[in-house]
Amino acid sequence: MLRLVLFLLAVSVIAFGLSWLADRPGNLIVQWQGYELETSVFRAIVILAVLLGLAIVLWSVLRQIWNSPAAVGRFLNRRREKRGLEALSSGMIAIGAGDKALATRYAIQARKSLPNEPLTHLLRAQAAQLSGDRVTARRIFEAMLASPDTEQLGLRGLFLEAEREREEEAARQFAERAMRLNPKLSWPVEAMFDIQCRRHDWAGALETLAIAKRHHHIDRAVADRRRAVLLTAQAQELEETAPETAMNLALEAHSLAPDLVPAAAIAGRVLAAKGYIRRAAKVLQRTWKRSPHPDIATAYAYVRIGDSPRDRLDRVKQLAALRPHSIESALAVATAAIEARDWATARHALQPLLANAPTQRACTLMARIEAEQHGDRGRVREWLARAVSAPRDPAWTADSVVSEKWAPTSPVTGALDAFQWRVPVEAVSASEASLLGQKLDELTKLDGPEPDAIDEAPVIDANAGAISSKKAIVAADAEIVDDTPQSTADASNAHTGSAPAASGPKPQATSTTEDQGDKAAGSSPGSSESREPAKATDRQVEGKASAEPASKSAEHPDHQTPPTEPDRTRVPDATGAKESQPVSTPAAAAREEATSQPTTPKPAPQPFRTRTRPIEPRIFVPPRPPDDPGPEPDGDDELSGSRLGLHLPLKGSI
C-alpha cells in the first residue's frame, strides 16, 4: 500500500512538472564549433531525461558484466552450503537413529561441503563414536581444542571419552580445564564434584560446591545438604585425631541439616567428652525428633560420663518420650533397661514389638533378657531361632549394599549422600549370609556345653540285621531303658554280676568278647526316642564302654580320642608295668563263658529304648545388633552375658 501511494505521488509530481513547462514555452539555442542547435525548453528537458535513463541502464549492464565471476562464485558457494547443511541435518538424524553407515556417509559429505564448520567436526566425531572408532573421535576432539570457538566442545568430547575408558585422572584434567575456561557451564562443575567425592577430596569438593552455588547450578537446599554431608565426612575422619575441629565441623553440618544423624552423633560425643552436656543433649534431641536412630540414643545415654545404668535408663526414657511411637524408642529403652537389670521395664518396652512380627533386634534383646535374668538356655535358643527368620531391622543401605556404619559416599557408584537408614528390601547376599551363619555358630558354641562328639556310628536294620554306616550324634547323657522282660536268672546275673562258670583272668578272651559286645550293641543314639534290636544284655552294653576306645584306636591309628575316665575293671599293676592286667570280675567271667561255649541258636533280639537329649541345630543369631553395648559387668551373675557369649561392642547403639 505504501509503495502504491509513493508511485502515485511520483506520477503526480512528474505530470505537474510537465504541465508547468508546457504552460511556459521558450526556445533554447546552443552554438558550439560553428554549429547552432535550437530547440524548445520542453523538448530539451525530455531529451535530457531519456539520455540519463540510457546512461543508467548502460552502467548497470557494464557492472553486471564486471561482477559476473564473483556472482558465479557466490552461487556455487550457496549451493555447496545448502548441500552441507542438508548433510548435517540428515547426519544428526542418522546419529540419533543409530544408523552408523548413513551417519558416516553424511559426515563425509558434510566434510566436503563445510570443512570448517564446527557442526561438521561434531558430526564426524559422533559418527566415529557410533562406529566404535575411538581413536578417530579423540583425534577430532583434540583438533577442536585449537579453535576458541570449538575448544569447549572438544573438552566435553574428550571428557566423555575418558569417562568411557575409565581414565579418571584424564577426565579430571579435562573437567578442570573446562571449568577454568567457563565456570558457567554446569557439566564440568558437576563432573569435578563427583570425581572429588569419589576420591574423598572433601576440601576440593567444598570449593567446587561453592562455585556451583555461586553460578546457580544447583538449588540452595541441595547445596546446603551436600555441604553438611561433606563437613560430616571431614568430622568423621578428624574425630579421633582433632576433636576440636571435628566438633566445629559437625556443629556446622548439624545447623545445615538437623536430620543428619552422623553429624549430630559426632557433635554429641565430642561435646559430651568436653563437658558441654546441656549443649550435647540439645543437639541430640533436635536430631532425635526428626530421625530416631540407635547412634543418637547411645550418645544421649552416655552424654554424662560416670553415670550409673539406672541414670542412663532414666535419661533414655526422657529421650524416648520425644518420639513415643517410634520403634527405636522402644528398643533404646529396652537396651538401657537390660544394662540396668530392670527386667520388668525391658519386657514392658519390648511388649508392643513382640505382638506382631518382631524384628531381629527385638528377638535378640529378648534372648539377652532370658539369658541374663533366668539363665534359661532353652528360651535363649528359641529367641535366637526366631531371630533367624524375623524381619530385618533398618540399616545403612546404599545401592544394595548394607553397612554397619554410615559413609559419606556409596561404595558402588561413589555418589555423595547415598546411604539411607531404611529396611533393606534386597535379598541377603552370599557374603552377608556367610557372615551371619558364622556369628550364629560362634554364639551357639558359647551358649552352653554341646554333645561330646559327632561321629560315624553304625545303625542296625531291624528287619535284616544288617549294619549300615550313617551319620549319628553320640550323646554323652544317653539314658538306656530296657523294655525287654528277662528271666529271673538272667536278671539276677545281670544285677549281681555272677556267672554259671567262674574262671581266672583271660585278657585275650575278654578283649574278644568286648569287641563282640560292641558290635552286638550297635546303638546309635541321636534322636529323641528310637528302638533298635540288640544281641547283648546289660552286661554287653557295660562291656561296650571299655571296648569302644580300643576298637576305634585300632581301626583309625591317626584318630585322637579324648581322655576318658579310667577303666574300673582294670587296676594298676603293683610292679609298675606299662600295661596293667585285667582283674577278674563276675561280668568278665560271664563274657568268658559265653565265648568258650559252642555256638547255639539264640532267641530273637529284643528291642531296647534309647533316650537322648534333643540336639538343637547349630545356628547363630547375634543377641543384639553391634551397636548394643551390653549390660554392666556383674561378677555375682553366674549366667551373665559374657558366659553365654552375648556381649558385643558398645560402638553404635546403647
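**Group meeting: a buried histidine and a helix pair**

Okay, let's start with H254: its relative accessibility is 4%, so it counts as buried, the cut-off for that being under 20%. Keep in mind that this is a predicted model.

Where does H254 sit? You'll find H254 in helix α11, which covers residues 243-256. Now, which residues does H254 touch, once we skip its neighbours within four places in sequence? Those are A263, A264, V283, R286 and T287. Take R286 from that list: 32 residues separate it from H254 in sequence, and C-alpha to C-alpha the two are 9.5 Å apart in space.

Next up, a pair of helices. For two packed helices, what you quote is the angle between their axes and the distance between the axes. Here we have α6, residues 151-164, and α7, residues 168-181; their axes come within 8 Å and cross at roughly 155 degrees. Anything over 145 degrees counts as roughly antiparallel, so that is how α6 and α7 run relative to each other. The crossing of α6 and α7 is left-handed.

Who makes that contact? From α6 it's E151, Q152, L155, L158, F159, A162 and E163, and from α7 it's A170, A171, F174, A175, R177, A178 and L181. Sort the contact residues by class and you get ten nonpolar, one polar and three charged.

Last thing, confidence. The average pLDDT for the chain is 73, with 65% of the residues scoring at least 70. Over residues 445-654, though, the pLDDT is below 50, and in the model this stretch has 303 contacts beyond near neighbours in sequence.

Terms used:
Residues are numbered from 1 along each chain as its sequence is written. This is a predicted model: local features need pLDDT of at least 70, side-chain atom pairs count only at pLDDT 80 or more; totals for chains, interfaces and linings use all residues. Side-chain values use heavy atoms; hydrogens and water are left out. Axes are lines fitted to C-alpha atoms, for helices over the stretch in contact, and angles run from 0 to 180 degrees between N-to-C directions. Helices (H or I, at least four residues) and strands (E, at least two) are DSSP runs, numbered from the N terminus. Angles under 35 degrees count as roughly parallel, over 145 as roughly antiparallel, 65 to 115 as roughly perpendicular and the rest as oblique. A crossing is left-handed if the near helix is turned anticlockwise from the far one by less than a right angle, and right-handed if clockwise. Contact means heavy atoms within 4.5 Å. Ala, Val, Leu, Ile, Met, Phe, Trp, Tyr, Cys and Pro count as nonpolar, Asp, Glu, Lys and Arg as charged, and the others, Gly among them, as polar. pLDDT is the predictor's confidence in each residue, from 0 to 100. Buried means under 20% relative accessible area, exposed over 50%, partly exposed in between (1.4 Å probe, protein chains only).
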